[in-house]
Amino acid sequence: MSEQSRVDEQSQVSQQSRVDELHTAERRLQAAQLASDVAELDRLLDDRLIFTLGPDGRCYTKQDDLAVHSTGQQALTRVVEEELRVLVDGRTGVTWFLGQIEGTFAGNTFAARMRYTRTWLYDDNMGWRLIAAHASSL
């Protein structure tokens, strides 16, 4: 096997490892949201996170997200993943989640089928961290 073939093979193994790690990070995020686990959300969300939601395109930050979970303003009771796609290119990853969510927000119950597009950055010390997200109700 040539040196270039070994390098290519190692790169493919590393790339697959990152894809697997991003799948795991996405599922950790879903579990943390469902449990309102603020400590885990803090680990997974980059401090620069911008999240856009809904038809009005409002922007929310990491602190906004942590606040709704820590105060109980938002509580998810069900997250059902129907589809999850993952793309990794170097230290950048994108996940596309399609699924059902249920819970309460500001005392009102909700149930929705949602599509989330999430952009992640890989950090050598922290692993995958979410930096941007968009959600649409279907």
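In what sense do strand 1 and strand 2 pair, and over how many bridges? They pair in the antiparallel sense, over four bridges. Two strands count as paired here if DSSP finds at least two bridges between them. One example from this pair is Thr52, which stands opposite Cys59 in strand 2.

Before going on, a word on the model. It is a predicted model, in which local features need pLDDT of at least 70 and side-chain atom pairs count only at pLDDT 80 or more, while totals for chains, interfaces and linings use all residues. Residues are numbered from 1 along each chain as its sequence is written, and side-chain values use heavy atoms, with hydrogens and water left out.

Now the overall layout. The protein chain has three helices and six strands. Helices (H or I, at least four residues) and strands (E, at least two) are DSSP runs, numbered from the N terminus. In order from the N terminus, the elements are α-α-β-β-α-β-β-β-β. Of the 138 residues, 34% are buried. Buried means under 20% relative accessible area, exposed means over 50%, and partly exposed lies in between, with a 1.4 Å probe and protein chains only. The chain exposes about 8000 Å², and carbon and sulfur atoms supply 50% of that. These areas come from the Shrake-Rupley method with a 1.4 Å probe; for residues, only the protein chains shown count as cover. Taking contacts (heavy atoms within 4.5 Å) between residues at least 6 apart in sequence, 52% join residues at least 24 apart.

The six strands form an open sheet in the order 2-1-6-5-4-3, with mixed pairing. Strand 2 (58-61) and strand 3 are at the edges and have a single partner strand each, so one side of each has no neighbour in the sheet. From one strand to the next, the twist averages 20°. For that angle, axes are lines fitted to C-alpha atoms, for helices over the stretch in contact, and angles run from 0 to 180 degrees between N-to-C directions.

Going through the pairs: strand 1 and strand 6 run parallel and are joined by five bridges. Leu53 stands opposite Ala135 of strand 6 in the sheet. Strand 5 and strand 6 run antiparallel, with ten bridges between them; Leu121 has Arg129 of strand 6 as its bridge partner. Strand 3 and strand 4 are also antiparallel, joined by 14 bridges. These two strands form a hairpin with two residues between them, and Gly90 in the turn has a positive phi of about 65°. Asp89 stands opposite Thr92 in strand 4.

What packs together inside? The largest nonpolar core has 24 residues, and those touching the most other members are Leu29, Leu45, Tyr116, Trp120, Trp128 and Leu130. By nonpolar core I mean a set of buried Ala, Val, Leu, Ile, Met, Phe, Trp, Tyr and Cys residues joined through side-chain atoms within 4.5 Å. Elements that supply at least two residues each include helix 1 (3-35), helix 2 (38-44), strand 1 (45-53) and strand 6 (127-137). In soluble globular proteins, nonpolar side chains tend to be buried together.

Lys62 lies in helix 3 (residues 62-70). Is Lys62 buried or exposed? Lys62 counts as buried, because its relative accessibility is 2%. A polar atom of the Lys62 side chain lies 2.9 Å from the backbone oxygen of Leu45, and a polar contact of 2.7 Å joins the side chains of Lys62 and Asp47. A polar contact is a pair of N or O atoms within 3.5 Å; within protein, one must be able to donate a hydrogen and the other to accept it, and residues adjacent in sequence count only if both atoms are side-chain atoms. Beyond its neighbours within four places in sequence, Lys62 has contacts including Asp42, Leu49 and Arg129.

Glu40 is in helix 2 and is buried too, at a relative accessible area of 11%. Leaving aside neighbours within four places in sequence, Glu40 is in contact with Arg28 and Ala32. Glu40 and Leu29 are eleven residues apart in sequence, and 7.8 Å separates their C-alpha atoms.

Last, Gln100, which is in strand 4. At 26% relative accessibility, Gln100 counts as partly exposed.
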